[in-house]
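This report covers charged side-chain pairs, aromatic pairs and one case of helix packing. The sequence and structure come first.

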Amino acid sequence: MLVVALVLGLYGRALGFGFIVDDHALVANNAALADWSTLGEALGHDLFHFADVRSSPYWRPLVTLSYYVDHAVGGGESWAFHLSNLVWLVFAGIGVARLAPGWSGVALAVAFVAHPVQVEGAVSIASRTDLMCVACMIWALRARHTPATVLTLAACLSKEVGLLLPLVLFLDRRAWKGPALAAGLVLSVRALVPLGSLESAMDVFSAPGRMAWMATRLVVPTFEGLSTEGSVLPLPLALLVLVGVLASARVHRAAPVLVLGPLFAVSGVLGVARTSDALLLVPLLGLVVAVAPHARVAPLLAVSALAAVFSAGRVGEWRDDLTLWEATHRANPGEVQPRLGIARAVVDTDAERALVLLDVQGRTPRESREVAEVRGRALLVLGREDDALVQLRLAAWDDPEAVWANATVCAMAPDIGICTQASRLAPDEGGIWNSLGIAHAASGSPDEALTAFDAACVLDEAWCGNAEKARSEVELAPSGQGGGP
């Protein structure tokens, strides 16, 4: 009951919060959640399959299932999704309490729940994937035989970091063979079963690198130097890291990788890792494993009191998109993504501020495209269409997330190339097909124009007039000439 009370006391106000950041794509704007007949397709594809964003390499069917259940419970209202997050945090906290006897376990659970690392998982619906995975990993630390194997399977189906569980069990001298089989089963499914947009075989081939990168998170959770694009280590280095970690288990019962992890988990208390709290849940697991055998009530409660102050103060930052991004920007003023987040939130009401925030250069091609797209939108709001078109052309490239930029450029200055690309990215948008028809008609290609206009009419009756007008002009035009509506 103490764990329940603490969770509600620290994070309960999130029940009144709405949807933020990835929550919009995953649940708020995901119509498939209201239709249980789509569940089978959703479970067989990546997490963002029905979301209005690009496909992802994340196959997390247990998380997907939880979203369907939440939608059914609350009718799509945000409180049901937030309540589910709190339930998972309670489940994790009770699991931690079982790792040490008596009040020592309770004190350890209080410290775990109060740690600022938990704020993101408790409040962000999209971050539930980390919370579910780590909760299953914690319960597996005390489970035996079949329950441990089932919990490992659940962890792996919640997030890929669950593949680390057999390694953690091995390092802590617990039964690990059953969990290893469960992790192997998940990898086999990823290799053999088509999962929509996922490149299944490549997921398996990159598994050693990903596991090694995640293992380094146990030691230095915010260090990106060894990673390639922040996610995968080169295979030779990955194997060396894994061999080193396994060898270290023979030096001490609590391997150095699990002992050093807690030192870096403290960075969450100090507010160092405000933009990547979820990544610190793994070293926090290392903290639990290392401290549990020696848990002392008084020191843990003292740490918990300090941690609770930080956590309570940070919950409010997740109330809405603008509040979150402003808090992140204050902590990381040089980062581009917080600037983009604020600009997106204010572009329609304060376009001038959005332009000032986006007076930066993206560090990657994708980030540069995002900056150009939001900058172009701000210029449109200010009525500077020529300048906006320049920015939107920079943003409009062959990327599933560039749909809006492509569609807007296509509508403002119909061009066969850009409109064709836009129609490929958003094939269900009648307005794009209509603009493509205009572009073909202007270039003297009546047959292609008619095809595009007919497609627009099929998608939306509002465009049928253009199709009929184009057809009549083609019929009246001299042979070899085309008209344009």
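Does R353 count as buried, partly exposed or exposed? At 32% relative accessibility, R353 counts as partly exposed. Here buried means under 20% relative accessible area and exposed over 50%, with partly exposed in between (1.4 Å probe, protein chains only).

This is a predicted model, in which local features need pLDDT of at least 70, side-chain atom pairs count only at pLDDT 80 or more, and totals for chains, interfaces and linings use all residues. Residues are numbered from 1 along each chain as its sequence is written, and side-chain values use heavy atoms, with hydrogens and water left out.

**Salt bridges**

Side chains of opposite charge can pair when their charged atoms come close. A salt bridge is a side-chain nitrogen of Lys or Arg within 4 Å of a carboxyl oxygen of Asp or Glu. Searching the whole structure gives six salt bridges, including those in the table.

| Salt bridge | N to O distance |
|---|---|
| E326 and R353 | 3.1 Å |
| D348 and R377 | 2.8 Å |
| R369 and E373 | 3.1 Å |

E326 forms its salt bridge with R353, and this pair links distant parts of the chain: E326 belongs to helix α18 (residues 321-331) and R353 to helix α20 (residues 351-357), 27 residues apart. Helices (H or I, at least four residues) are DSSP runs, numbered from the N terminus, as are strands (E, at least two). E326 is partly exposed, at a relative accessible area of 22%.

D348 meets R377 in a salt bridge. This pair also links distant parts of the chain, with D348 in the loop between α19 (336-346) and α20, and R377 in helix α21 (residues 365-381), 29 residues apart. R377 is partly exposed, its relative accessible area being 33%.

R369 and E373 lie four residues apart in helix α21, so about one helical turn separates them. Both R369 and E373 are buried.

**Aromatic pairs**

Rings of Phe, Tyr and Trp (its six-membered ring) pair if their centres lie within 6.5 Å; planes under 30 degrees apart count as stacked, over 60 as edge-to-face and the rest as tilted. By this rule there are five aromatic pairs. One of them joins W88 and F91, which is edge-to-face because the ring centres are 5.6 Å apart and the planes stand at 85°. W88 and F91 both lie in helix α5 (residues 78-97), three residues apart, about one turn of the helix. W88 counts as buried at 19% relative accessibility, whereas F91 is partly exposed at 30%.

F91 also forms a stacked pair with W139, at 4.9 Å centre to centre and 5° between the planes. The two residues come from distant parts of the chain: F91 from helix α5 and W139 from helix α8 (residues 128-140), 48 residues apart. Elsewhere, F19, Y67 and F81 make up one aromatic cluster.

**Helix packing**

Two packed helices are described by the angle between their axes and the distance between the axes. Axes are lines fitted to C-alpha atoms, for helices over the stretch in contact, and angles run from 0 to 180 degrees between N-to-C directions. Helix α1 (residues 2-11) packs with helix α6 (residues 102-114) at an angle of about 20°, the axes being 10 Å apart. α1 and α6 are therefore roughly parallel to each other (angles under 35 degrees count as roughly parallel, over 145 as roughly antiparallel, 65 to 115 as roughly perpendicular and the rest as oblique).
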